[in-house]
Amino acid sequence: MAVNPDRLKLPQFDARRIRRDFPALAQKIHGHQLVYLDNAATTQKPNPVIDALTDYYRSYNANVHRGVHTLSELATERYEAARHNLAQFIGASQPEEIIFLRGATEAINLVAASWGLANIGAGDEILLTELEHHSNIVPWQLLAERVGARVVVAPIDQQGNVAPETFSRALSERTRLVGIAQVSNALGTVNPITEMIRSAHAAGARVLIDGAQAVGHMPVDVRELDCDFYALSGHKMYAPMGIGALYAKKDLLERMPPWQGGGDMIRAVNFTRSLYADPPQRFEAGTPNVAGAIGLAAAIAYLKTLGMEAVATHEKILLDYALERLVMVPGLRLIGTPRKRAGVISFWVEGLHPHDLGTLLDHAGVAIRTGHHCAMPVMDHFQVPATARASFGVYNTQEDVHALIAALNQAREVFGG
Ligand code: PLP
């Protein structure tokens with residue numbers, strides 16, 4: 001499919017200008033201007049996010065919720081404002097539906113340990129797709145082992161799609177929970193989650209969406225999706241490391257038991273028993289990542305100024321542009337050719353192990369990721385031990401694609417088979 005180059009010059013979306021907001025992108029690597037194409041692993045951080053972090057630590061660092069002094073009140077106000085902003089950004093009906101956590105991994109583990117342990121028993125089924133990141137596999141295996149449940153897998157086809165009919169067939173009256181990545185971090189597949197959620201609900205199952213690769217790349221509305229749980233990761237959406245969140249429907253959260261005990265998650269404690277706080281505090285034991293939440297709010301504000309529709313369009317155009325050119329590199333094989341794709345391209349270059357390719361590209365200043373991408377079942381499906389993966393963000397440009405292609409051609413000419 002040909003891409004009209006004029007469409008790449010979206011007047012409202014100037015990736016070259018956006019790039020200047022990210023100080024880490026200004027550096028040279030091995031004498032070359034850095035081309036950062038490892039956004040699926042983590043994104044770079046814009047100045048407003050870095051400023052929000054330093055501002056917190058410089059001027060109002062304090063613990064939240066229990067303080068009556070000015071700094072603690074200010075920190076609490078900003079921390080809770082971040083919850084409000086995130087709720088609004090993903091379409092939650094109220095801030096109390098947002099639990100701040102370390103990342104998507106912790107969010108999924110919370111659901112397995114709390115809702116899962118209370119609602120999944122012997123003989124029940126947990127349905128996942130073959131595309132899932134290990135974060136959305138292992139917590140369910142741990143739970144299944146503990147309670148005698150079974151993990152069932154909806155397979156992908158040769159292109160890397162989960163066909164809706166295959167998915168529906170894998171549902172049964174024993175399915176209690178369905179876990180689906182909105183976007184695959186290994187292949188970029190965008191799953192048809194609206195239909196999948198609908199059919200899972202019709203079968204009586206609850207649905208957790210792993211949105212780690214989605215929220216920073218496209219508009220997300222959890223209420224419109226009607227998912228029961230949504231896990232997200234701050235560091236993949238231009239926010240700091242160590243902050244992420246779980247969205248869960250309020251009626252579910254209210255009935256879920258705590259998963260970790262400690263300060264801030266209780267109403268009262270004595271040695272006979274403890275009374276737990278309401279959500280979200282019930283699920284946020286201990287001192288939270290206050291700076292991280294404030295940084296996440298700054299990242300959301302930044303993304304809102306760009307507009308999520310515009311972000312999605314920019315990345316889609318760039319992805320199509322990159323795909324068109326990548327397939328012209330001799331010996332390059334795409335791993336996965338999904339019907340709908342976002343942000344990620346996995347590939348293999350004949351005669352070059354992905355790890356060697358990654359190192360050669362790094363010497364040309366191009367940062368990509370190589371390996372199994374914490375999605376070993378996907379590697380098994382395509383019978384490769386690893387792939388090279390280029391993944392895109394708001395600051396990537398056509399020049400970045402050109403640099404990638406040039407570095408690939410050079411690596412292949414010098415070292416390839
Ligand atoms: N799910 C997917 C699809 C991912 O790509 C990742 C990280 O690569 C995770 C979950 C884990 O996210 P986090 O780093 O926030 O724990």
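A residue counts as near a molecule when one of its heavy atoms lies within 4 Å of that molecule. In this predicted model, local features need pLDDT of at least 70 and side-chain atom pairs count only at pLDDT 80 or more, while totals for chains, interfaces and linings use all residues. Residues are numbered from 1 along each chain as its sequence is written, and side-chain values use heavy atoms, with hydrogens and water left out.

Start at the ligand. Around the ligand are G103, A104, T105, H133, S135, N185, D210, A212, Q213, S233, H235 and K236. Sorted by class, this shell holds two nonpolar, eight polar and two charged residues. Here Ala, Val, Leu, Ile, Met, Phe, Trp, Tyr, Cys and Pro are nonpolar, Asp, Glu, Lys and Arg are charged, and the others, Gly among them, are polar.

Next, the polar contacts (pairs of N or O atoms within 3.5 Å). K236 places a polar side-chain atom 2.6 Å from a ligand oxygen. The side chain of Q213 has an N or O atom 2.7 Å from an oxygen of the ligand. For S233, the side-chain distance to a ligand oxygen is also 2.7 Å. The protein covers 87% of the 400 Å² of accessible area that the ligand has on its own; the areas come from the Shrake-Rupley method with a 1.4 Å probe.

Now the aromatic rings. Rings of Phe, Tyr and Trp (its six-membered ring) pair if their centres lie within 6.5 Å; planes under 30 degrees apart are stacked, over 60 edge-to-face, and the rest tilted. The count is eight aromatic pairs. Y56 and Y60 form an edge-to-face pair because their ring centres are 5.2 Å apart and their planes stand at 85°. Both residues belong to helix α2 (residues 47-60), four residues apart, about one turn of the helix. Helices are DSSP runs (H or I, at least four residues), as are strands (E, at least two), numbered from the N terminus.

Finally, the backbone. Most residues other than glycine have a negative phi, and most peptide bonds are trans. H65 is not a glycine, yet its phi is positive, about 75°. H65 lies in the loop between α2 and α3 (70-89). P279 and P280 are joined by a cis peptide bond, with omega about 5°. P280 sits in the loop between β12 (274-276) and α10 (290-306).

How values were computed: A polar contact is a pair of N or O atoms within 3.5 Å; within protein, one must be able to donate a hydrogen and the other to accept it, and residues adjacent in sequence count only if both atoms are side-chain atoms.
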